[in-house]
Amino acid sequence: MSDVTYYVALPFVFSDDGVAAGEAAECLSANAAAMRAEALSRKPGHAGAIAFSRTGDPSSGDFSDAKLIRKFGDVPDDLSTL
């Protein structure tokens with residue numbers, strides 16, 4: 001199977017430990033992910049949000065590291081766990 005690129009908007013919400021990742025939303029394009037992330041970053045209770053992409057083979061589960069598209073608000077500097 002060929003590689004597929006997923007575009008994702010991921011909010012960060014306030015928690016007892018600072019901020020935590022919220023529920024990710026898959027989007028159709030990099031632009032759509034950036035627009036969704038910006039909207040999510042403005043919701044009450046949200047510290048910020050990011051838009052990122054990952055490319056890989058869904059059948060094997062082998063994906064490259066996430067590539068940041070845009071960042072909004074207060075999000076962690078270390079995004080290596082995405």
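Colleague: How many aromatic pairs does a search of the whole structure find?

Modeller: In this predicted model, the search finds one aromatic pair.

Colleague: What makes Tyr 6 and Phe 63 a pair, and why is the pair called tilted?

Modeller: Ring centres must lie within 6.5 Å, and those of Tyr 6 and Phe 63 are 5.9 Å apart. Planes under 30 degrees apart would count as stacked and planes over 60 as edge-to-face; here the planes stand at 45 degrees, so the pair is tilted.

Colleague: Which parts of the chain does the pair link?

Modeller: The pair links distant parts: Tyr 6 belongs to strand E1 (residues 4-15) and Phe 63 to strand E5 (residues 62-63), 57 residues apart.

Colleague: Why is Tyr 6 called partly exposed?

Modeller: Buried means under 20% relative accessible area and exposed means over 50%. Tyr 6 has 27% relative accessibility, so Tyr 6 counts as partly exposed. Phe 63, at 25%, also counts as partly exposed.

Colleague: What makes strands E3 and E2 partners of E1?

Modeller: The requirement is again at least two bridges. Three bridges join E1 to E3 (residues 25-27), running antiparallel, with Tyr 7 opposite Cys 27. Four bridges join E1 to E2 (residues 18-21), also antiparallel, and Phe 14 stands opposite Val 19. E1 and E2 form a hairpin, with two residues between them.

Note on methods: Residues numbered from 1 in each chain as written. Predicted model: local features only at pLDDT ≥ 70, side-chain atom pairs only at ≥ 80, totals over all residues. Heavy atoms only, no water. Phe/Tyr/Trp six-rings, centres within 6.5 Å; stacked < 30°, edge-to-face > 60°. Buried < 20%, exposed > 50% of the residue type's maximum accessible area, 1.4 Å probe, protein only.
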